[in-house]
Amino acid sequence: QIVYWREFLSDVFMEMEPSIEGGGSFNAAVDTGEFGNLTVATISAQRHKVRRTQSNIANSNSDAILFHYQISGKAVFYQGEAEETILPGDIACIDTAEPFELDLIDDFRCITVKAPRKLFVSLLGSGPLFPKPRIRRNSEYGAILGEYFKISRRHIGIAEDEVEASLSAQF
C-alpha cells in the first residue's frame, strides 16, 4: 500500500519517497481540495518517513512550498543543517527545492498546504526562504497560520470534525 501512498503524494503534492519500517501494510485517510492556487489536505496516517531527494527534485516540475501543520503525533523534520521536532500545533515550513526528510514518528493527523514557491520568493527574496523551518503554535505567526488553516479547510469543504475542535482549542 505504500506504493499507492507514493503515487498519491506525487499526484497531489510532488515526487517524494515515503517508507515504512519493516514493510508491510500502510493505512492513511486524506481529504483534499483547492483554495485559489493552494492545495490543502487533511491527512491521518500511521507512522512513516517521507523524503524528497535531489533526484526527486531533478525529475520534478513542481516548484512549491509545503506547510505541514501537526495536529496530533510527533515528527522530526530535517532540511539542510536544520533538525526540528514538530509537536502538535507546530508548523514545518518546507522548501521543496531542497532535499528534506519528515520522520513522522507517531501515528498522526496533519493539515498540509502546498503553495507556489514564487509567492514566497517575491516576499522573502531568493535566499533561504525559512531560516527557522518551524513555527511554534504559540507564536504570533503560528496563531495567524492556525486561523488560516481553519478558514481554508472550511472553504474547500473538508468536513469539520475533531481536527476543527483541536484547532479551535489551540488557537
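Which exposed residues does the face of H1 turned away from its buried side carry? In this predicted model, that face carries Tyr4 and Asp11, while the buried residues of the helix, which spans residues 2–12, are Ile2, Trp5, Phe8, Leu9 and Val12.

Among the contacts in the chain with a separation of 6 or more, 70% come from residues 24 or more positions apart. The chain exposes about 8,500 Å², and carbon and sulfur atoms supply 50% of that area.

The largest nonpolar core has 26 residues, of which Trp5, Leu9, Phe13, Met16, Ile43 and Phe77 touch the most other members. At least two residues of this core come from each of H1, S3, S5 (64–72), S6 (75–79), S8 (91–95), S9 (100–104) and S10, and H1 gives the most, with five residues. A second, separate core of 13 residues includes Ile65, Phe67, Tyr69 and Ile135.

In one of them, Glu21 pairs with Arg47, with the closest N and O atoms 3.8 Å apart; Glu21 lies in the loop between S1 and S2 and Arg47 in the loop between S3 and S4, so the pair ties together parts that are 26 residues apart in sequence. Glu21 counts as exposed at 66% relative accessibility, whereas Arg47 is partly exposed at 41%.

Another salt bridge joins Arg51 to Glu101, with the closest N and O atoms 2.9 Å apart, and because Arg51 lies in strand S4 and Glu101 in strand S9, this pair ties together parts that are 50 residues apart in sequence. Here Arg51 is partly exposed at 29% relative accessibility, while Glu101 is buried at 17%.

The side chains of Asp95 and Arg117 also meet in a salt bridge, at 2.8 Å from N to O. Asp95 lies in strand S8 and Arg117 in helix H3 (residues 117–124), so this pair ties together parts that are 22 residues apart in sequence. Asp95 is buried, with a relative accessible area of 8%, and Arg117 counts as buried at 15%.

Terms used:
Residues numbered from 1 in each chain as written. Predicted model: local features only at pLDDT ≥ 70, side-chain atom pairs only at ≥ 80, totals over all residues. Heavy atoms only, no water. Buried < 20%, exposed > 50% of the residue type's maximum accessible area, 1.4 Å probe, protein only. Helix = DSSP H or I, 4+ residues; strand = E, 2+ residues; numbered from the N terminus. Contact = heavy atoms within 4.5 Å. Areas by Shrake-Rupley, 256 points an atom, 1.4 Å probe, with all protein chains shown as cover. Core = buried A, V, L, I, M, F, W, Y, C linked by side-chain atoms within 4.5 Å. Salt bridge = Lys/Arg side-chain N within 4 Å of Asp/Glu carboxyl O.
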